[in-house]
Structures are given as structure tokens and as C-alpha cells.
Amino acid sequence: MEKSAIRSRWMLLVVSIVFAGVAAGGVLGSWAARNGYPLFTTGLLSPTLASNMAQPGQAPRLPDSFAPVIQPDLPGVVSISTTTVIKRSGSPFNDPFFQQFFGQQPQGVPQKEYGLGSGVIVQSDGIILTNNHVVHGADDIRVTLHDQRSFKAKVLGTDLRTDLAVLKIDATGLTALPLGASTNLRVGDIVFAIGNPFNVGETVTMGIISAKGRANVSIEGPNSIQDFIQTDAAINPGNSGGALIDTKGQVIGINTAIVSGGREGGSIGIGFAIPIDLAKSVMEQIIAHGKVIRGQLGVFIQAVSPEIAQQFGLTKAEGALVASVQPDSAAAKAGIKQGDIILKFNGQPVANNNELLLKVSQTPPGTVVHLDVFRGGKTLPITATLEEASAAGTGPGSSQGAGQGSAREALKVQTLTADIANQLGLPPRTTGVVVTSIDPTSPAADALQRGVVIQEVNHRKVANITEYDQAVQAAGTKPVLLLVNMRGQTGYVVISPSGQ
């Protein structure tokens with residue numbers, strides 16, 4: 001009887017808890033509904049959603065089709081064909097062998113070259129975003145829509161540094177694709193590339209975001225600004241300028257470049273797209289001003305490798321190393337010096353030289369910026385007012401002088417004279433020692449080359465062989481930091497003794 005009473009009390013407690021849970025669930029569901037939060041209710045899952053939910057130890061299932069996402073976007077991607085008239089210096093048919101069949105051919109006969117690419121409709125009145133390299137130098141540009149209508153296109157403006165161009169066609173009521181945001185993209189997100197590869201027709205490929213913030217991609221344009229999204233969605237010749245979309249159907253990138261393989265230069269799963277946040281900013285300025293107006297600091301910068309960080313006394317490789325400062329630039333006026341390492345831009349850490357390049361280029365000229373600069377073992381605050389960059393983009397640029405070699409003894413140098421400086425294209429007052437030979441079997445050959453002028457050794461200026469030898473000898477068996485000058489462009493290189 002006592003056990004029965006205990007069981008009854010436990011049953012009453014369980015029932016009370018169940019009813020309390022149901023009541024709480026009703027209150028929570030009501031609150032969630034009022035505040036716009038989605039709530040899954042047990043027993044009310046749709047069969048499709050329930051089947052796609054991951055079971056313990058299983059991966060979630062993908063939808064059977066992405067057609068509902070992709071099909072609405074297809075009319076918003078166009079094919080772009082270009083014709084460029086060029087003059088050849090000669091004709092292959094002027095070879096005596098061909099002349100017996102074709103006769104003497106005139107010199108400098110105009111010939112046509114044809115190009116192919118893709119584009120994204122961003123406004124229904126005919127505004128199209130594409131790559132600059134798709135339309136650069138073209139005499140005739142034609143845009144073919146999804147419904148096969150064809151229009152002659154006008155270039156509203158281009159930007160060499162981001163490889164973007166904005167076109168206009170005389171059409172209305174077009175399908176403009178929604179532009180998403182690239183800031184919060186994650187490696188592993190599913191994406192789709194839409195374009196016209198190899199002129200086979202409109203094509204969609206699927207992949208994921210393989211990496212973010214890619215730089216050092218070989219594309220045209222001086223001081224190119226690079227912050228590429230890398231994807232394994234197949235991108236091939238003809239895809240340039242097309243759309244990279246997410247699973248919401250929003251454009252998150254403009255397909256631009258590939259690492260190709262094989263004779264035909266096809267996809268090997270490494271493609272690059274310009275993030276839409278960057279592309280949108282460039283596009284809006286071109287539409288408003290016909291060009292891109294961006295800030296300029298006036299420095300050439302390079303990456304801070306672990307070896308360079310150690311030579312400058314930094315605890316880790318971070319920031320952007322100032323390889324040179326342009327005279328009368330915003331940086332020069334603010335007191336920035338060669339050898340400074342910029343660690344912060346407006347309070348935000350600078351991870352590397354490419355990140356500083358992006359931050360400066362996206363800041364309007366005339367803006368007062370606050371920099372944290374590492375110099376001589378101390379961090380100094382510096383305030384600078386950005387100037388307007390030239391159309392070609394003169395800075396901040398990236399110096400290519402950074403590197404690491406070994407075997408100091410593999411270098412032979414001589415004092416730089418005015419005559420040698422003139423032969424190297426340097427001002428006659430340039431001082432230093434010029435590298436005359438390098439042991440080709442030494443790793444130092446990967447960092448330096450003949451004709452490079454060494455101007456500093458471990459922050460000590462060297463004007464002749466004697467000063468160079470003294471500075472190198474003082475370094476002993478430790479790596480040395482060299483400031484080198486190649487055709488007027490300076491940069492830092494770390495050289496290690498043999499065996500290190």
C-alpha cells in the first residue's frame with residue numbers, strides 16, 4: 001500500500017511536469033511568434049525537412065534540386081562578345097613559300113581579334129557589371145541576353161586596379177540580379193558559377209567557397225587590388241565577368257580568374273571571384289562619376305615574413321612594412337618613414353600588406369586616418385590625410401622585393417658609381433653597393449639578382465664596399481636584413497648564412 005502511494009505521487013509529479021512543459025512551450029511559442037523567431041514544433045515537421053535533418057552520426061542531406069534557386073537568376077547573366085581591330089607588323093604569307101600561292105601581302109593590314117566573356121545585369125535599365133579584361137581595348141562590344149536578343153554595349157567606365165567594368169545597353173525591363181553581401185561568407189558555403197564558358201552557351205556549375213582573401217593572383221592592372229573569393233565551382237574561359245551566387249540566389253562575387261591546366265586552359269578547381277562588396281563599391285562610383293575615386297597614402301609596402309619580423313623586433317609576423325615613401329605624399333607629410341611597419345589603420349589591426357592596401361583604397365581622399373606604426377622597437381601614433389590616387393593607382397602599392405635567401409658569401413658586390421647608377425636607371429646620387437654576381441646554386445639567388453643595389457644592412461646605410469663589409473661582418477652568423485633597390489623600387493630581403 002505504501003509503495004502504491006509512492007507510485008501515485010510520482011505519476012502525479014510526472015503528469016504535472018508534462019503539463020507544465022506543454023504550457024511553457026505554448027508561452028514560448030507565442031513569444032517567439034510575436035518576436036519574429038522561427039520555432040520548430042515537435043510532430044509538425046514537414047516530411048521533406050524531417051528527411052533532410054541529420055540523424056545522430058549522419059551528415060545532413062542536400063536538396064534534390066537547386067533549380068528553384070538557379071532558374072530565376074539565369075536571365076540576369078549575359079554573354080559578352082568583343083571585336084578589336086589591330087594592325088600586324090607583317091604577314092606570315094610574305095614568306096617566299098606562301099608568296100607563290102598568295103602573292104605579296106601588304107604590311108600592316110588591319111585584322112580583327114574576337115573575345116568572349118560574361119556579365120551580370122545589376123539594373124533593369126541595362127546596367128551590366130563585368131570584368132575590365134573582357135572589354136579592354138575593344139572596338140565593338142555586343143551583349144546577348146538569355147532570350148537571345150543582342151544589343152550593342154557602351155562602356156560607362158572601367159577600373160584597372162580591381163579589373164571591373166560597367167556597361168550600358170539600350171534596354172529596359174531586364175532581370176536584375178539581387179546583390180548579396182560577401183562580408184560574412186564562410187569557407188565551405190555552397191556557391192554556383194553562371195556564365196558562358198568556351199562559348200558553349202549558358203552554363204551553371206556548383207562548388208563551395210574554398211578560401212577567402214586570396215591575393216597575388218596574376219591579373220592585368222598596375223597595383224591591382226585583390227581580395228578574391230576562391231572556389232572550386234568550375235570557372236573556364238568565357239566565365240569571366242559572370243555571377244557567383246549563393247543558395248539564396250544572390251550575387252556574392254564576380255568570376256574573374258582561374259588557375260588553369262592543360263592545353264586548353266580549362267578549370268582544375270581553382271577559380272577566383274571579386275567579392276561583391278568590393279565590386280558594388282566600384283560599380284556605384286563608376287555609375288556616379290565615370291571613374292573610381294579612392295584614397296592614397298603614398299607608400300610602397302610589402303609583407304612582413306617571420307624572418308623580417310624578427311629582424312625588426314616584432315614578436316610575430318603582422319602589419320605592412322613600408323618599403324619606400326613617395327616624396328610629397330600623404331605619408332611623407334605625416335612623417336611615415338621607410339622601414340616603418342604599419343600595425344593598425346583607424347584602430348583596426350592590419351594583418352598583412354594586402355589588407356592595408358584594401359583599407360586605404362576603400363577610404364575616400366581627404367579622410368584623416370589614424371595609424372599605429374612600429375619603429376625602433378616602439379609603437380607610434382601617426383595621423384595622415386589621404387590624397388586622391390591617380391587613375392593607374394600609384395599607392396599604396398606592394399613591393400616585390402621581399403624574400404629570404406641564404407649564403408651571404410655567395411654575393412659579390414662593388415661600390416655604386418654615378419655611371420653604374422645611370423646604366424641601372426637610377427638617379428646619379430643613389431648610394432650603395434651593386435650586386436655583380438651570385439652563386440646560382442645558392443638559395444640567395446632566389447631572393448636577389450645581378451644589378452640589385454644594396455643600400456642598407458641591418459638598418460645601417462652602406463655607401464661603399466668597406467661599409468658593406470663592416471656591416472656584414474658585424475652581423476656574424478646571424479641573418480641580415482638588406483634594403484635593396486631594383487630600378488628605383490625598394491624592398492627588404494632577409495639573407496641567412498649557409499646551413500640556416
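Predicted model: local features only at pLDDT ≥ 70, side-chain atom pairs only at ≥ 80, totals over all residues.
Q: How many residues does the protein have, and what share of them counts as buried?

A: There are 500 residues, of which 42% count as buried. The chain forms 11 helices and 28 strands; these are DSSP runs numbered from the N terminus (helices H or I, at least four residues; strands E, at least two). To see how the chain folds back on itself, look at contacts, meaning heavy atoms within 4.5 Å. Among contacts with a separation of 6 or more, 62% join residues 24 or more positions apart.

Q: Is Glu-456 buried or exposed?

A: Glu-456 is buried because its relative accessible area is 9%. You will find Glu-456 in strand E25. Setting aside residues up to four places away in sequence, Glu-456 touches Gln-338, Lys-461, Val-462, Leu-481, Leu-482, Leu-483 and Tyr-492.

Q: Why does Asn-131 count as buried?

A: Asn-131 counts as buried because its relative accessible area is 0%. Asn-131 sits in strand E3, which covers residues 127–131. Beyond its neighbours within four places in sequence, the contacts of Asn-131 include Asp-163, Leu-164, Ser-240, Asn-255 and Thr-256. Ser-240 is 109 residues away along the chain, yet the two C-alpha atoms are separated by 6.5 Å. With Thr-256, the side chain of Asn-131 makes a polar contact of 3.1 Å. A polar contact is a pair of N or O atoms within 3.5 Å; within protein, one must be able to donate a hydrogen and the other to accept it, and residues adjacent in sequence count only if both atoms are side-chain atoms.

Q: Where is Arg-294 found?

A: Arg-294 is in the loop between helix H6 (276–289) and strand E13 (295–296). Arg-294 is buried, with a relative accessible area of 6%. Its side chain has a polar contact of 3.0 Å with that of Asp-159. Not counting residues up to four places away in sequence, Arg-294 also touches other residues, including Arg-161, Thr-162, Glu-387 and Glu-388. Val-360 is 66 residues away in sequence, with 7.9 Å between its C-alpha and that of Arg-294.

Q: Which residues of H11 are buried?

A: In H11, residues 465–475, the buried ones are Tyr-468, Ala-471, Val-472 and Ala-475. They lie on the same side of H11, because they span an arc of only 95 degrees around the axis. Gln-473 and Ala-474, on the other side of H11, are exposed. The cover over the buried residues of H11 includes strands E23 (411–415) and E24 (433–438). At the start of H11, a side-chain oxygen of Asn-464 comes within 3.2 Å of the backbone nitrogen of Thr-466. After H11 comes Gly-476, with a positive phi near 65 degrees.

Q: How many residues of helix H9 are buried?

A: Seven of the nine residues of H9 (353–361) are buried, so the helix is mostly covered. Among them are Leu-356, Leu-357, Leu-358 and Val-360. At the start of H9, a side-chain oxygen of Asn-352 reaches to within 3.2 Å of the backbone nitrogen of Asn-354.

Q: What is the volume of the second largest pocket?

A: Rolling a probe the size of a water molecule over the atoms shows where empty space is left. On a 1 Å grid over the protein atoms alone, a cavity is a set of points where a 1.4 Å probe fits but cannot get out; a pocket is an open set with protein on both sides within 12 Å along at least five of seven lines, and lining residues have an atom within 4 Å of a point. The second largest pocket has a volume of about 460 Å³, the space filled by probe spheres set on the points, which are joined across faces, edges and corners. Of its 26 lining residues, Gln-338, Glu-456, Lys-461, Leu-483 and Tyr-492 are the closest to the centre of this pocket. Strand E28 gives the most to the lining, with three residues.

How values were computed. Residues numbered from 1 in each chain as written. Heavy atoms only, no water. Buried < 20%, exposed > 50% of the residue type's maximum accessible area, 1.4 Å probe, protein only. Arc of directions from axis to C-beta.
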